[in-house]
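Please load the model in your viewer and keep the selection tool handy. We will go from stop to stop, picking residues as we go.

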Amino acid sequence: SGRDPSLQGHVGSIEQYVDVTIDHPLGTGPGTVGPRALLRDPTAVNIESSYLTISVQYGILSGALFVLFCLLCLKGCLYNPSLLGMAATSMMLAYMLMLGIMPAHQSLPTAALVLFPVGTVLSKRVLISKTMPVKQ
């Protein structure tokens with residue numbers, strides 16, 4: 001039939017929590033969303049999008065600033081012509097896609113794996129050896 005029940009669940013979850021974000025523009029408060037919140041409070045929710053998780057907890061402005069942060073990191077990596085810059089660009093793009101469909105910001109190993117090369121590129125401490133031949 002071409003209908004994926006998993007995809008329908010994701011879309012339904014995202015639509016529901018967009019409404020929650022609109023209803024609570026300043027957020028519902030820290031500790032009200034996510035797996036740890038569910039352990040403490042049975043009325044807590046688990047949202048399948050990092051962008052929405054941040055927006056629901058901390059408000060629309062915080063969610064927008066997080067998206068802006070991600071886009072600026074991607075832009076900074078994109079304009080670095082080094083091999084590390086290209087790798088960091090692809091990693092940041094994949095991470096941003098993951099943030100849209102799962103709460104990847106809660107996984108420290110995943111975030112560290114992505115943000116370490118991104119931070120290295122953005123700090124402009126990537127040294128290109130002068131001894132390397134340059135193709136012209």
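Predicted model: local features only at pLDDT ≥ 70, side-chain atom pairs only at ≥ 80, totals over all residues.

Residues are numbered from 1 along each chain as its sequence is written, and side-chain values use heavy atoms, leaving out hydrogens and water.

Now select the buried residues of α4 (under 20% relative accessible area): Gly63, Phe66, Cys70, Cys73, Leu74 and Cys77. They cover an arc of only 100 degrees around the axis, so they sit on the same side of α4; the arc is taken from the directions from the helix axis to the C-beta atoms. Show α3 (50–58), α5 (83–101) and α6 (108–122) too, as the buried residues of α4 pack against them. Helices here are DSSP runs (H or I, at least four residues), numbered from the N terminus.

Next, go to Pro25, in the loop between α1 (5–23) and α2. Pro25 is partly exposed, at 42% relative accessible area, which means between the two cut-offs of 20% and 50%. Which residues does Pro25 touch, not counting those up to four places away in sequence? Pick Gly59 and Ile60; contact means heavy atoms within 4.5 Å. Finally, draw a distance from Pro25 to Ser55: their C-alpha atoms are separated by 8.1 Å, though 30 residues apart along the chain.

Terms used. Buried < 20%, exposed > 50% of the residue type's maximum accessible area, 1.4 Å probe, protein only. Helix = DSSP H or I, 4+ residues; strand = E, 2+ residues; numbered from the N terminus.
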